[in-house]
Amino acid sequence: MSTTFATNRAFISDNMAGASPQIAQAVADAAAGQVLPYGNDPFTASARRRLSEIFEREVDVFPVTTGSAANGLSLAALTPPWGSVLSHPDSHINHDECGAPEFFTNGAKLVGVPGPDSKMDPHALRKAVRRKAGDVHSVQPSAVSISQATESGSVYTVDEIRDLSTIAKDAGLRVHMDGARFANALDHLGATPADLTWKAGVDVLSFGATKNGAMTADAIISFDPALAAELAFRAKRGGQLTSKMRFQTAQLDAYLTDDLWLHNARQANAMATRLGDGLKALPCAGLLATPQANILFCRLPQQVTEGLLAEGYAFYHDRWEPGIVRFVTAFSHCSDDIDQLLGAVERYS
């Protein structure tokens, strides 16, 4: 059974939004003519060149069709089967990958490192990187995975990433960043892509685009040339070396052209801020935290939630605990959409 939601009432996730017109047009343009397969085409070359420019250095780029593949393959290149991946318990790889990291790593263990606001606490990480290191009876800490932005909408600062990376590197661990909403975090911080990744100690980035205006295109970006060969073989073995890669990389190329990716993220973030500000002004709504990206959580009375659902609004509710709802804004939302939602919340309160 399929359900189509009104665009202005869909707040379950930003992957409910369609595609930016520029990206849809790029896919249509890529459909014409014949080019070499498996990434040996001008669209892929252009996307790789743009990414190297954006990150201020030569990077190795492996286009993939899903964020799960990006995360799983990235972690597999950083972690042996007897290793462990340290991440926050709330992270996407812990909750929403159906065991993909364990599958791609051939059995590595995910170990939760707690901290407030869905961000790993440095003191907890410092203990975790040393836990049973060298003990043949235990999995060995091998990689740290940072979600940016996090599943609760919080954002790691550059200094926080650098601190966690330093702890990891001092213990001999590699660092992965799950950047499904990387552009949203970048917009919030006003930092550069380089500052937020390799300059802060990140080895591999899962570069998200699908949630921010693309169709079916994400990418693995490696800042360590020594990982390129292994990632290439893993991508092929994992079914991610697509024959007509141009349809993915045409999306990425358009995504990066004229800063479309930053414009989309800025719009999504601005709508979350507008929604958060509006909810703060309503006595019935209890905002759990000021949104830093495009995700916010709040408390709503049951009658408000039921009224919104009956009116056709789509959002997660009671998934975390009774009375808690999550709204995720997308690049396709506009001010009127947010104001209508706020009006409905007030009407049913």
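Which residue in β4 is the bridge partner of Ser84? In β4, that partner is Pro141, and the pairing belongs to a predicted model, in which local features need pLDDT of at least 70, side-chain atom pairs count only at pLDDT 80 or more, and totals for chains, interfaces and linings use all residues. Residues are numbered from 1 along each chain as its sequence is written, and side-chain values use heavy atoms, with hydrogens and water left out.

The bridge between Ser84 and Pro141 is part of the parallel pairing of strand β2 (residues 83–87) with β4, which extends over 4 bridges; helices (H or I, at least four residues) and strands (E, at least two) are DSSP runs numbered from the N terminus, and two strands are taken to pair if DSSP finds at least two bridges between them. Strand β4 is also joined to β5 by 5 bridges, again with the strands running parallel, and here Val144 stands opposite Val175 in β5. Of the 8 residues of β4, 8 are buried, where buried means under 20% relative accessible area, exposed over 50% and partly exposed in between, with a 1.4 Å probe and protein chains only. Strand β5 (residues 174–179) pairs in turn with strand β6 (residues 204–207), in the parallel sense and over 4 bridges, and Asp178 stands opposite Ser206 in β6.

These strands belong to an open sheet of 7 strands, with the order β1-β7-β6-β5-β4-β2-β3 and mixed pairing. Because β1 (60–64) and β3 (109–112) stand at the edges, each with a single partner strand, one side of each is left without a neighbour in the sheet. Neighbouring strands of this sheet are turned by 25° against each other on average, direction ignored; axes are lines fitted to C-alpha atoms, for helices over the stretch in contact, and angles run from 0 to 180 degrees between N-to-C directions. Helix α11 (residues 246–256) packs on the sheet, where it touches β1, β6 and β7 (218–222), and its direction makes about 115° with that of β1.

In soluble globular proteins, nonpolar side chains tend to be buried together. The largest nonpolar core of the model has 50 residues, and those with the most contacts inside it are Phe55, Leu86, Leu125, Phe182, Phe207 and Trp261; such a core is a set of buried Ala, Val, Leu, Ile, Met, Phe, Trp, Tyr and Cys residues joined through side-chain atoms within 4.5 Å. Leaving aside its neighbours within four places in sequence, Phe182 is in contact with residues including Phe55, Gln148, Met177, Phe207 and Trp261, contact meaning heavy atoms within 4.5 Å.

Leu227, in the loop between β7 and α10 (228–237), counts as buried at 5% relative accessibility, and, neighbours within four places in sequence aside, is in contact with Ala77, Leu78, Arg174, Val204 and Ser222. Leu227 and Ser74 are 153 residues apart in sequence, yet 9.5 Å apart in space, C-alpha to C-alpha. Glu56, in the loop between α2 (42–54) and β1, has a phi near 65°, a positive value in a residue other than glycine, and counts as partly exposed at 45% relative accessibility. Cys98, in the loop between α4 and α5 (100–104), likewise has a positive phi, near 55°, but is exposed, with a relative accessible area of 83%. The peptide bond from Gln148 to Ala149 is cis, with omega near 0°, and Ala149 is found in the loop between β4 (140–147) and α7 (158–170).

Grid points are joined across faces, edges and corners, and a volume is the space filled by probe spheres set on the points. The largest pocket has a volume of about 740 Å³, and of the 30 residues that line it, the closest to its centre are Glu151, Ser152, Phe297, Trp320 and Arg326. Strand β9 gives the most to this lining, with 3 residues. The count of cavities of 30 Å³ or more comes to 2; the largest cavity holds about 60 Å³ of space, and its lining includes Gln148, Ala149, Glu151 and Asp178.

Notes:
1 Å grid on protein atoms, 1.4 Å probe; cavity = no way out; pocket = protein on both sides within 12 Å on 5 of 7 lines; lining within 4 Å.
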